[in-house]
Structures are given as C-alpha cells and as structure tokens.
Amino acid sequence: MSPRAGNAGTTPHTLAFVESPVQLLNVLEWAHSQGLGPREEPGAGCTLVVLSPTDPMTRGQLRRMSELAREEGHVVRWEEARGGPGAPFRTIGGLAPLLRRAERVVMGDPFSRYVQLLLMITRATELVVVDDGTATMEFVGQLARGERLVRWHRTGGRPGPRDLFFAPVSSSARRRLTPSADRRVEVFSSMPITETPADVTVTVNAFAWTRARFGPPRVTRSADMVGTSLVETGVVDGDRYLDAVTVLAKTHGCTRYFAHRRESADKLHRLAVETGLEVVPPELPLELIARRGPIGRTVLSFPSTVVHTLPLALAGTDVRVAVCDIDPAWLTDHASPRAHGFLSDVTGTARDAHRLAAVTTA
C-alpha cells in the first residue's frame, strides 16, 4: 500500500481521523448511518485518514479495516504519523489543506494529542466524535462538566511536563468540541451517555453496518472469553488477572481466548500454558470476528467496550454475553482513584441496557 493510498487530490466534504481499528469500524458505522460511500458511487464517501501507530498488531488490523473501507467507497489516506521525529510536522503540514477545506470532521479519539493539534487547524462547521471504546463515556462527561480532557485510567496528581506543554492545545480542543452558533457537534456512540453536554447531538450506534455486512455467525456449544488490556495499562495486577481467567475458564468451559490487540506476548503465552485456552490473535475488531463466526454460545468478558458492543453486533443470535466485575483487590497501586468506579459503571450500565448475565470468580 502506498503511504498515501487513495485519491489525495479529492477535496473532501467529510474528513475522518482514526488511530485504531475500533475507531475505523465506528467511522464505517457512522458513514453507513449517513448514507455515505455507497459501493455504486465511488468517491461519494469520506476521506479517511489513518494516523498509523507503530504497534505491528494494530497496524495489521488497520490495514485490513482500510480494505473494508475502500470496498465501501471511501478514500483511505495512510499517514506514517509516528515514523520518526519529523513525522508529526510532515503529517500535520500535509493534512492542513484538507483540514481547512473540510466541511465536516470525524474523529475517534478526542483525547489524542494528535487529533487535538489537528482540531486547531480545521474550519469545519460539523464535528463528529465516534466511539473509541469506553473512553467515550468519560469524554462526554468531562465535556458536560467543563473539565480538562484526560483519560480515565491516568493516575491522579500533578501534570507532567508534556501535560503542561499540551495544556493550551487540550483547552483549545475542548472549546472547539463545544457547540456554538456556527459549529455543530455530534457524538455517535453505542455507549450509555448519562451526561449530555448542552447542544451536543447524541446518535445511537446500533452496529447496523456490521450486521448487514457480516453473518449471521455459526454458534458453537462452548464458551469464549474476551481479553482485556487492563494489565498493560497498569490498572489490574497481572497475577490476579491470570487467576481470574483460570477460574472463569474452568467454571464456564471456555475453550478460546480472544486476545486484545494491546495484550503483551509474554502474558498471552503464560495464559495459554497455564489455562490451556486457545489464544486467538485479534486480526479484526472483535465485533467483526464474532459476527463472522464461529462464536461461542456464551461470551465472557471483563469490563470493556465489548460488553456494550457485542450484544448489538450479535443481535438476533442465540449468543449470551456475560460480564465479570473487577474485584477492587485486583487493582494495582498505580491505578487511578477513579478506576474501580469507572469500571463498575461500564458493567452496571451494560447490564441495565442489555440485560447481561453476571459471573464471578468466587
């Protein structure tokens, strides 16, 4: 693939920025809801800019998702946004003309410093935020309360040098993501939105594109488990997590473990050896893997985005999604003071919205 694949000369009506496969999936869902990018009308969709990370697993998923986006009629522009010290300057400089001409900008991660820098350039009259997992819940709440934009799992305390340097950028992004007389802001989400900022339009993502494009899946008689990166983000202790996975797998007869793209190879190897689970690498977002099948009749998960998205993607099937709460004793000393409360909200709202079953390691 060319570093800037697609028709870079097109002046886009809609310009979308993604940094993860889930963000790209949700841009496709949003575009489908808007009727953008029908296959019979090439170029009628949006220009989708991939701000590529360096992680090989994520890059591989993004490559495969980019092909799906092209099949849907969208233009994909791949940016090596982190390819060396000068990459951010080249990327932002190259995107500036497109940003100034775009009428609508779609983004998957308003916490991203890259995206916040790009927001300072755009003159778009419409801004759309699509899901970047459970972080969307925190973003909407912070915007409603007028707080600075900071990820929920970040440890509290004094801001570091980089935080202080980017503070004006973050403040500017928050102002631009606040609706005004000449700017409309939309949040397109499958997450429960309990605090809606004034004048922000909230649209439900029901995973209509995923269900129309794939499946229905073949459902097996066994159970599957969904992995999480809570150990890698420093929230949950690794040994405690492995113990919990072991107990759940034995109790519920799990045979497969769908790895999260950020889970470390060492952890996954240890997990496979000690539990006997088949570790399935994440070639695509789990919603697409599950919809294409095969998938277990029961899918177990810890608090994560999938407890909200899988019931929607698998609507109309016999698959049951069950969630296991995070025991406070599993948290590390480095976990944010907000971590347990936030994770409890994730599971609690999912149970309310989708009537999920609860499981325990007790």
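Me: Is S190 buried or exposed?
Reply: With a relative accessible area of 9%, S190 can be classified directly; buried means under 20%, exposed over 50% and partly exposed in between, with a 1.4 Å probe and protein chains only. The model is predicted: local features need pLDDT of at least 70, side-chain atom pairs count only at pLDDT 80 or more, and totals for chains, interfaces and linings use all residues. Residues are numbered from 1 along each chain as its sequence is written, and side-chain values use heavy atoms, with hydrogens and water left out. On its relative accessible area, S190 is therefore buried.

Me: Where is the place of S190, and which residues does S190 touch, not counting those up to four places away in sequence?
Reply: S190 sits in the loop between β6 (184-189) and β7 (201-204); helices (H or I, at least four residues) and strands (E, at least two) are DSSP runs numbered from the N terminus. A contact means heavy atoms within 4.5 Å. Leaving out residues up to four places away in sequence, the residues that S190 touches are D131, N205, F207, H308, T309 and L312.

Me: What share of the contacts in the protein chain with a separation of 6 or more comes from residues 24 or more positions apart?
Reply: The secondary structure of the chain comes to 12 helices and 13 strands. Of its 362 residues, 53% are buried. Among contacts with a separation of 6 or more, the share from residues 24 or more positions apart is 72%.

Me: Which residue in the loop between β7 and α7 has a positive phi although it is not a glycine?
Reply: Most residues other than glycine have a negative phi, and most peptide bonds are trans. D199, in the loop between β6 and β7, has a positive phi near 70° and is exposed, with a relative accessible area of 67%. In the loop between β7 and α7, the residue with a positive phi of about 60°, buried at 1% relative accessibility, is F207.

Me: What is omega for the cis peptide bond that joins G293 and P294?
Reply: A cis peptide bond also joins G215 and P216, with omega about 5°, and P216 lies in the loop between α7 (208-213) and β8 (219-226). P294 is in the loop between α10 (286-292) and β11. For the cis bond joining G293 and P294, omega is about 0°.

Me: Why does the pair of F111 and F139 tie together separate parts, and how many residues apart are they in sequence?
Reply: The structure holds 4 aromatic pairs; rings of Phe, Tyr and Trp (its six-membered ring) pair if their centres lie within 6.5 Å, and planes under 30 degrees apart count as stacked, over 60 as edge-to-face and the rest as tilted. F111 and F139 form an edge-to-face pair, 6.3 Å centre to centre with 85° between the planes, and both are buried. Because F111 lies in the loop between β4 (104-107) and α4 (113-119) and F139 in helix α5 (residues 135-145), the separation of the parts tied together is 28 residues.

Me: Which residues form one aromatic cluster?
Reply: F302 and W330 form an edge-to-face pair at 6.2 Å centre to centre, with 75° between the planes. F302 lies in the loop between β11 (295-301) and α11 (306-313) and W330 in the loop between β12 (320-324) and α12 (339-354), so the pair ties together parts 28 residues apart in sequence. F302 is buried at 1% relative accessibility, and W330 is buried at 7%. The members of the cluster are Y241, F302 and W330.

Me: Which element gives the largest share of the lining of the largest cavity?
Reply: On a 1 Å grid over the protein atoms alone, a cavity is a set of points where a 1.4 Å probe fits but cannot get out, and lining residues have an atom within 4 Å of a point. The largest cavity has a volume of about 30 Å³, the space filled by probe spheres set on grid points that are joined across faces, edges and corners. Among its lining residues are F111 and F139, and the elements that give two or more residues are β5 (126-130) and α5. The largest share, 3 residues, comes from α5.

Conventions. On a 1 Å grid over the protein atoms alone, a cavity is a set of points where a 1.4 Å probe fits but cannot get out, and a pocket is an open set with protein on both sides within 12 Å along at least five of seven lines; lining residues have an atom within 4 Å of a point.
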